Amino acid sequence: MPIPSREQEFFEMARARRLRPARNGFVDKSLRQLAAFFSDALLREETARRSGLLQRLDPRARLLGTLFFVLSVSLARSIPDLAAHAALVAAVLWLSHVRLREILGAGLLIALVFSTLMALPATLNLVSGGKPLLPLLVRDAAWRLGPYTIPPIVGISREGLLTAATFLLRTLASVAAVLCLALSTPWMDLLRALRFLRLPPLVLQTLGMTVRYLHVLLRQSEEIHLGKKSRALTRRPLIADHMWVGSRMAYAWEKSLRLMEDVGEAMTARGFTGEMRAAPGSRLRAADWGFLAAVAGLCLGAHFI
Amino acid sequence: MHIPDGYLGPATYLSSYVACVPLWGAAARKVQAGLTARRVPLLAISAAFTFVVMMFNVPLPGATTGHAVGGVLIAIAVGPWGAALAISIALAIQALLFGDGGITAIGANCLNIAFVMPFTGYAVYRWLARCFPSPKGRAIAAGIGGWAGLTCAAFTTAVLFGIQPLLHTASDGRALYAPYPLSVTVPVMVLEHLLLFGVVEALLTGLTVYHLQGSRSAWILQTADVGVPMKKYRALWIALLALALISPLGLYLPALMRAGTAWGEWSLEEIRQMVGYVPAGMRQLNGFWKALLPDYALPGQDAAPLAHRSLAYIFSALLGIGLCGAATYILARRLAKKSR
C-alpha cells in the first residue's frame, strides 16, 4: 500500500474537517493587474526604442503635437471632420511602427468596448430622438416607466446612429492619440517634456518621484499578494479576506511612509533644502517644428472638410 | 469615474480647468507651507499610493471583486489639501502615461475625484469621528466618509455628463459629446455608486483606517482622528439660525419685485395659462403626495397675509434644521453604540 504524501494527508484532513480549498479570485485578479502593469511598462520601453516617425522627434514636440491634436478633436463638429482626425492618428501610428495589437492592448480595446457600450443606447430614438429606421419595440401607445415616458415605437434612428458615430470617432481618435504618445515616449522623457508647459517645479518634481515610487510600491504589492496566495490553503470567511485587504493596505501605506522618510533623509543629506529648480531645456530642432506645423496644418484643414 | 477625452465639450472642460486652477494654487500653498524638506516625497508617495489602492481588489459576495478609488483614505492620511494635490498628480499621470482619463478632461476629473471626493468624504469623516472617538467608531466614520465622498463625486460627474446634450447639439439633432441627459446620467451614476461602488469604497477605507490606527503613521493621522470639538460648531448653529430668520426674504423679495413663480415650480393653473393645457402625467401625479407644510406654510394659509406666512416660513426652516439634525444625531448614536 503506497504511503500517502503530505499533500494528500493535508487534503484528507481538510476533507474530514469540511474545509474547502482556497479561492483566491481577488488575489489572482490583483496579481494579473500588477503583472499587466509591469508587462505594459516593458512593452512601452520597447515601442519607444523603434525608429519610427514619433520616436525620432523631441518628446516636447510629440507632447505639444498630441495636445494640439486632442484639442482639435474636441472642437470638431462634423463626422467627416472627426473621420479626418482619426485617419491622421492612424497614419501617425503606422509611421511610428506601433502595431494595432499593441495599441489595442495598451488601452484602446478597453476604450473601444466601453465607448461602444456607452454609444449603443444612444442609437435609439429614446435617447437621441428622430424617426426610428429599425423598430425594435412596438406598442400601441406611449407608456411610462417610472419617471420616463417611452414612445410607442422604440428603435434605431438616424439621429441616434449619427450621435453614436460622432461619440465613438471623437473618443477613439483622442484615446489613440494619447496612447500613441505614451507608446512612443519613455516615461521619464515624457515627464521632462512637461517642463515645456511651464508647470510649477513642485508639480514636476512630484510627478517624477511618483513614477519612480509607483514601481517600488507596486512591486511591494505584488509580493504581498504572492505571499497571500502561497500561504492560503483553505477558504476563509469573506470578512477575514476583507480584514486581510484592509490590514495589507495599511501595511502598504506604512511601508510607503518608511520609504518616504528614507528618501527624504537621503535628499536632505545631499543638500536638498526644499527649493526646487528646473534645468533649462535645449531648443527644438527644425524637424520638430516641421512636425508641429504639419499637425497644426492637417488638423486645421480637417475642420474645413 | 475617470472621464475620457471626447465626453465633455470645450465649454465644460475649459470651465473645469478654470475652476481647478485656484484650487490647485491654494492646495500647493497650503501643502508647501506645512511641508518640511524631509517630507517633500509625501505628495509623491500619496500619489503613487492611489495606484496601489486601485490594485487591491476586494472580494465581494458572488465571487466578484471590486476596487476602491482611495480619495477619502488619502485625505484622512495626509489632509484634504494634500490629497487634492496628490490625486491630481495621479490623475495627470494616468491620463498622460496610461491613457486612463482624458487630457482635456484632467480638470473635470480633478474637480470630481481630487476635490469633491476627498473634501466631502473628509468633512463627513471629521464630523462623525467626533461622535465615535473609539478606534472602531473612527473606522466606521472613515467608511461612511469614503462612501459619501465617492457618491458625491459620482453625482458631480453625472451632472457634467448630463449637461452635454443641453450645451452641445448639432443642427441635425446629433449630440456632439456625451449623449445622455441629466434624467439618465444622474440616476444611473448615483445609484450604482450609492449601492455598489460606494460600498466597496466604504469597506476599504474603513478597514484600512481601522488597521492604520495602531500603526506608527499615527503622526499623520493626528490631524484627522480627533474630530472637531463641539464649540467650533457654535458659529455654524448661529449662522443656521440667522439664515432661518431671514428666510422670509424668499416671500418678500418676489412680492416687492413683482416676480412670478420660480422657474419650473409652476402650479397646474399657471402651466395651463402658459401653454394652454396641463400634461396628462403632471395632472395624474399632482396631489400624489400631501406635504405636511405645503410651500413651507401651514395648511390653509394660501391667502394669509405675508407676515403670517413669514412666521410659517421661519417655523418650517427651524423644523427642517431640527429634523435633519435629529436624524443625523440618532443615526450617529446608533452607529456609535454598534461600534462599542
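Helices (H or I, at least four residues) and strands (E, at least two) are DSSP runs, numbered from the N terminus. This is a predicted model, in which local features need pLDDT of at least 70 and side-chain atom pairs count only at pLDDT 80 or more, while totals for chains, interfaces and linings use all residues. Residues are numbered from 1 along each chain as its sequence is written, and chains are lettered from A and ligands numbered from 1 in the order in which they are written.

**Residue A:Ala165**
- A:Ala165 lies in helix H7 (residues 158-184) of chain A.
- A:Ala165 is partly exposed because 17 other C-beta atoms lie within 10 Å (buried: 20 or more; exposed: 12 or fewer; partly exposed: in between; C-beta atoms placed from the backbone).
- A separation of 9.6 Å is found between the C-alpha atoms of A:Ala165 and A:Thr116, which are 49 residues apart along the chain.

**Domains of chain A**
- Chain A is assigned domain 1 (23-49 + 199-274) and domain 2 (53-130 + 156-198 + 280-305), with bounds from an automatic or database domain assignment.
- Taken over C-alpha atoms, the centres of domain 1 and domain 2 of chain A are 30 Å apart.
- Contact (C-beta atoms, placed from the backbone, within 7 Å) joins 11 residues of domain 1 of chain A to 15 residues of domain 2 of chain A.
- On the side of domain 1 of chain A that touches domain 2 of chain A, H2(A) gives the most, with 6 residues.

**Contact between chains**
- The contact involves 74 residues from chain A and 61 residues from chain B.
- H2(B) provides the largest share of the side of chain B that touches chain A, 12 residues.

Technical notes:
Contact = placed C-beta atoms within 7 Å.
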